[in-house]
Amino acid sequence: MITVGQITKPQGVRGEVKVIPMTDDPSRFCLLKTVTVGSRVLKIAAVRVASDAVYIKFDGVNDRNAAETLRGEYLAIDRAAAVPLDDGEFFIADLIGAKLAARRDGNAETVGKILAVQNFGAADVFTVKCDNGKEMTFAFVAALCAEYDENANTLYVDGGKLDEVAVYDED
């Protein structure tokens, strides 16, 4: 399963919900027929894509009270329903548990294991358990020149840029 969004609140009184997409192309929601919300599979009745979010109406969710029960839930799709990725693209879900390696002077050194990826709007924020036992977070910015090697289950980034954006815990 691939997480594609999170329901933030009901929208209106007819059961529509506001979804923050976890994809670089929110119009992809228009192609979906069903999604898994929590432990339920819900059929999509309508989708509206706006500049700030995606608004979805599910079959059987017909009023604000029913929509309220979905607040905070994540939407997931089966990998088979996902759009094909272009070269150099990857699903964030595939990075959880992957190794993070920093490239320096043509060599790559493993930094640690990716524990979580959160999105706070401006950029995804990665949390990494470092090999030295510390925890590190960093904003996923283009300057990292990230490349994901699916076979090695490793995300490679520019070590110098990682040093600039990484924040370590205080332990």
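Colleague: Why is F138 called buried in this predicted model?

Modeller: The relative accessible area of F138 is 2%. Buried means under 20%, so F138 counts as buried.

Colleague: What makes F126 count as buried?

Modeller: F126 has 0% relative accessibility. The cut-off is under 20%, so F126 is buried.

Colleague: How many aromatic pairs does a search of the whole structure find?

Modeller: Two.

Colleague: Why is the pair of F126 and F138 called stacked?

Modeller: The ring centres lie 5.2 Å apart, and pairing needs them within 6.5 Å. The planes stand at 20°, and stacked means under 30 degrees, so this pair is stacked.

Colleague: Where in the chain do F126 and F138 lie?

Modeller: F126 is in strand β9, residues 124-130. F138 is in strand β10, residues 135-139. They are twelve residues apart, and the pair links distant parts of the chain.

Colleague: What makes F126 and F140 a stacked pair?

Modeller: Their centres are 5.0 Å apart, within the 6.5 Å limit. Their planes are at 20°, under 30 degrees, so the pair is stacked.

Colleague: Which parts does the pair of F126 and F140 tie together?

Modeller: Strand β9 holds F126, while F140 sits in the loop between β10 and β11 (147-149). The pair therefore ties together parts 14 residues apart in sequence.

Colleague: Why is F140 called partly exposed?

Modeller: F140 has a relative accessible area of 23%. Buried is under 20% and exposed is over 50%, so F140 is partly exposed.

Colleague: Which residues form one aromatic cluster?

Modeller: F126, F138 and F140.

Conventions:
Residues are numbered from 1 along each chain as its sequence is written. This is a predicted model: local features need pLDDT of at least 70, side-chain atom pairs count only at pLDDT 80 or more; totals for chains, interfaces and linings use all residues. Side-chain values use heavy atoms; hydrogens and water are left out. Rings of Phe, Tyr and Trp (its six-membered ring) pair if their centres lie within 6.5 Å; planes under 30 degrees apart count as stacked, over 60 as edge-to-face and the rest as tilted. Helices (H or I, at least four residues) and strands (E, at least two) are DSSP runs, numbered from the N terminus. Buried means under 20% relative accessible area, exposed over 50%, partly exposed in between (1.4 Å probe, protein chains only).
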